[in-house]
Amino acid sequence: FEVDLVQEIADRLGLKADIQNKNFDAIVPAIAAGGSADLGVSGITITPEREEQVAFTSSVYDSNQSIVVMKDSGITDISQLEGKTVAAQSGTTGSDWASENIPNCKVTDFAEVTACFAALQSGQADAVSIDLPVAAEYVKTAYQDAEIIQETPTGEQLGFAVNKDNAALLDAINNTLTEMNADGTYQKIYDEWFAV
């Protein structure tokens with residue numbers, strides 16, 4: 001979804017988007033340091049801690065957290081995860097949420113979402129704490145033997161990270177997002193990814 005948004009923004013600005021993969025927890029520091037990338041795009045929740053390091057575009061998506069377990073686990077409520085192992089992607093609000101809201105759980109961080117789900121499927125983890133849209137996609141497509149047992153309304157806003165010294169890029173992206181909302185392009189891209 002976000003890559004499609006970025007491609008559309010780049011096209012409208014007459015730029016070429018060179019998409020590169022990085023571990024999630026390396027994105028904000030890379031943007032803050034400057035030089036290696038101009039824009040951080042990866043379902044990044046806008047938080048005060050991150051805003052100390054980078055500037056954020058206006059929100060591109062509102063999200064909540066979720067808990068995923070294996071269907072045959074017998075776990076139906078997060079209260080059953082006390083003292084258990086919860087997988088999360090390193091540096092994410094899903095990891096933070098599990099640490100703060102599941103008593104005495106052991107949060108095990110992984111660099112990639114697929115590793116979180118692999119740990120769940122192999123029994124190395126009892127649950128995964130992750131953004132709801134990501135969980136929904138993985139449960140629907142790759143891990144149909146897993147299920148979402150809780151959707152937590154955290155009301156997180158996701159945005160693109162920009163170096164604080166690059167106000168021109170930030171303004172250009174925000175203006176383009178406003179145009180895309182006004183002309184229906186944002187909704188079209190959103191519906192391609194999230195329409196039921």
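**Helix α6**

I started with α6, residues 132-141, and looked for what is tucked away there: Leu132, Ala135 and Val139 are buried. Seen down the axis of α6, these buried residues fall within an arc of 60°, so they line one face of the helix. I jotted down the general rule beside that: an α-helix has 3.6 residues a turn, so residues three or four places apart point the same way. A reminder to myself: this is a predicted model.

What does the buried side of α6 pack against? I found β3 (61-70), α5 (113-122), β6 (127-131) and β7 (146-162).

**Helix α5**

Next I did α5. Its buried residues are Val113, Cys116, Phe117, Ala119 and Leu120. They cover an arc of only 155° around the axis, which puts them on the same side of α5. I then listed what they pack against: β3, β4 (85-89), β5 (106-110), β6, α6 and β7.

Just after α5 I came to Gly123, which has a positive phi of about 90°.

**α5 meeting α6**

I wanted to see how these two helices sit together. Two packed helices are described by the angle between their axes and the distance between the axes. For α5 and α6, the axes come within 12 Å and cross at roughly 60°. That makes α5 oblique to α6. The crossing of α5 past α6 is right-handed.

Which residues make the contact? From α5 I noted Val113, Thr114 and Phe117, and from α6 Val134, Ala135 and Tyr138. By kind, the residues of this contact are five nonpolar, one polar and no charged. Going back over my notes, I see Val113 and Phe117 among the buried residues of α5, and Ala135 among those of α6.

**α1 meeting α7**

Then I turned to another helix pair, α1 (2-13) and α7 (167-183). Their axes come within 10 Å and cross at roughly 105°. α1 and α7 are therefore roughly perpendicular to each other.

On the α1 side I wrote down Leu5, Glu8, Ile9, Arg12 and Leu13. Facing them in α7 are Ala172, Ile173, Thr176, Leu177, Glu179, Met180 and Asp183. This contact divides into seven nonpolar residues, one polar and four charged.

**Asn64**

I picked Asn64 in strand β3. Its relative accessibility is 25%, so Asn64 counts as partly exposed. What does Asn64 touch, leaving aside its neighbours within four places in sequence? My list is Ile130, Asp131, Leu132, Pro133, Thr152, Pro153, Thr154 and Gly155. I checked Ile130 by distance as well: Asn64 and Ile130 are 66 residues apart in sequence, and their C-alpha atoms are 8.7 Å apart in space.

**Two loop residues**

Gly14 is in the loop between α1 and α2 (24-33). Is Gly14 buried or exposed? Its relative accessible area is 64%, and that makes Gly14 exposed. I also took a distance from Gly14 to Thr85: they are 71 residues apart along the chain, with 47 Å between their C-alpha atoms.

Asn104 I found in the loop between α4 (93-101) and β5. Its phi is near 55°, a positive value in a residue other than glycine. I looked up accessibility here too: at 63%, Asn104 counts as exposed, the cut-off being over 50%.

Note on methods: Residues are numbered from 1 along each chain as its sequence is written. This is a predicted model: local features need pLDDT of at least 70, side-chain atom pairs count only at pLDDT 80 or more; totals for chains, interfaces and linings use all residues. Side-chain values use heavy atoms; hydrogens and water are left out. Buried means under 20% relative accessible area, exposed over 50%, partly exposed in between (1.4 Å probe, protein chains only). Helices (H or I, at least four residues) and strands (E, at least two) are DSSP runs, numbered from the N terminus. The arc is that of the directions from the helix axis to the C-beta atoms. Contact means heavy atoms within 4.5 Å. Axes are lines fitted to C-alpha atoms, for helices over the stretch in contact, and angles run from 0 to 180 degrees between N-to-C directions. Angles under 35 degrees count as roughly parallel, over 145 as roughly antiparallel, 65 to 115 as roughly perpendicular and the rest as oblique. A crossing is left-handed if the near helix is turned anticlockwise from the far one by less than a right angle, and right-handed if clockwise. Ala, Val, Leu, Ile, Met, Phe, Trp, Tyr, Cys and Pro count as nonpolar, Asp, Glu, Lys and Arg as charged, and the others, Gly among them, as polar.
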